[in-house]
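Subject: Model handover

Hi,

Here is the model for your files. My notes follow below it.

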Amino acid sequence: LQYVKLEDEPARFVAIVRDITEQQRHREEIEHLAYFDPLTNLPNRSLIALRLENCLRNCAESGHYGALMLTDLDDFKAINDTLGHRDGDQLLVEISNRFASVLGDRHSISRLGGDEFLVVVTTPHRNYQAALKQAGQIADQLLAAAVLPSHTLGEAPPLSTSLGFVLFNDDSISASELMRMADIAMYDAKKKGKNSVSLFDEIMQKELVEEHQLTADLNIALSAGDEIVPWFQPKVDSTGGFIGFEALARWHHPERGLLGPISFIELAEKKNLIVALSDQILMKTCRQMRSWREQFAMDDWTVSVNISQSQLAMSNFPEKVANALAETGLPASALILEVTESVIAENIDVSIQQMLRLRSMGVRFSLDDFGTGYSSLSYIRQLPIDELKIDRSFVNTLLDDSETRSIVSVILLLAEALNLDVIAEGIEQEVQLQALQELGCSGFQGYFFSRPQPPEIILETLKSYYRRQ
């Protein structure tokens, strides 16, 4: 709009008008796409992050408690696999509408992706217990909403959800850390049996701090290279004579002392450190076995090393094994790689290809924990394995359970038919050994013969063993 006054003419305004309706609509659409999930129309990760930051500031100013909730649907993958992604998407829309109805306008919900939802709850309470009660009620309502009958599922059982949450009343903890806490609580809910709620508490906080510290220590240990070492447990034949060893990882922690694998192997897998750890154990095991072979007449003995799914899946794993053998001078025939059924089943085609590459080098394979996982004759016949290990769970119940005795008999018959060696592990009593011998088992391992020992103790054992020969 422009005011114009010309000499000898009346004053006037000159206006230029432009219709920006379409431009405004496009701007709004772009903004909506930037901040809302296109499937459910819920706020997306970016918008919920802004709302969480606002909530944190408001709580810090007012002292009121807020809650961050994380939930995902239990076994949702099965819906996509059986009904298809179209029905899976429709179910997500149904569930999101129910969740939004429970929360109303006072609280915020976001679909983070897949079947995972994040909820920011604001409460009017400065009292922790009152806030906890309200948050707990909302969580229970969300669980109840998830299991309502679904038009998409029809007569199929309804889908449940697991939810974890954490309370806060200031901004001393970052949004990302709160999300991690809620995530830990959610997986705790799943461990309880799903369709349940779990609050991030002091115990989880302590475990979280310990996990952070142990992860840092594990990184240092792997860099140092001398803290994590293999110990060895002998394997024997039916006469009690040694036929080899299994290498088992131990960590000489500078503050916590000697740690067994249960203390750090799962952590290493979770933090993507298992490959580095396993590579060290493999190299040290080959080097130690080569040293013993130079001192003693044990050319027919073998050493077993456990490998993880992450290792087996790596395209360069066969080259790593070849380098370890070449560098240490250990013959490939002296090395057995132990894999579990679950490791192979993760990707059976790739696993078989990798195993065949290693087998062509002369390396052998042992199928660990046999009979406890995905055993099937169809794929057992495909696997390039040389040995079956009867799981300790069968050995523990062998004397008291006729069904276990029958299963072990079948395993031994199967091994004989496929020309495979057999090792029964976890033997702690002489009567267990006798029962296995009666069934025809010829390879054994367990505390009855020896616990895992450090290399220096094994060396003394070998000296004594060969003096008796």
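A salt bridge here is a side-chain nitrogen of Lys or Arg within 4 Å of a carboxyl oxygen of Asp or Glu. Buried means under 20% relative accessible area, exposed over 50%, and partly exposed in between (1.4 Å probe, protein chains only). This is a predicted model: local features need pLDDT of at least 70, side-chain atom pairs count only at pLDDT 80 or more, and totals for chains, interfaces and linings use all residues. Residues are numbered from 1 along each chain as its sequence is written, and side-chain values use heavy atoms, with hydrogens and water left out.

Arg 250 first. Arg 250 sits in strand β9 (residues 242-253). Arg 250 is buried but has no salt bridge. Its nearest side chain of opposite charge is Glu 246, 8.9 Å away. Contacts (heavy atoms within 4.5 Å) of Arg 250 beyond four places in sequence include Glu 227, Trp 231, Phe 264 and Pro 452.

Glu 246 also turns up beside Glu 338, again not counting residues up to four places away in sequence. Other contacts of Glu 338 include Asp 368 and Lys 389. Glu 338 belongs to strand β12 (residues 335-340). Glu 338 counts as buried because its relative accessibility is 1%.

Next, Asn 80. Asn 80 lies in helix α3 (residues 76-83). With a relative accessible area of 17%, Asn 80 is buried. Outside four places in sequence, Asn 80 is in contact with His 85 and Gly 88.

Last, Asp 171. Asp 171 is in the loop between β6 (161-168) and α6 (175-191). Asp 171 is partly exposed, at 48% relative accessible area.

Best wishes

Definitions and conventions: Helices (H or I, at least four residues) and strands (E, at least two) are DSSP runs, numbered from the N terminus. Lys and Arg count as positive and Asp and Glu as negative; His and the chain ends are not counted.
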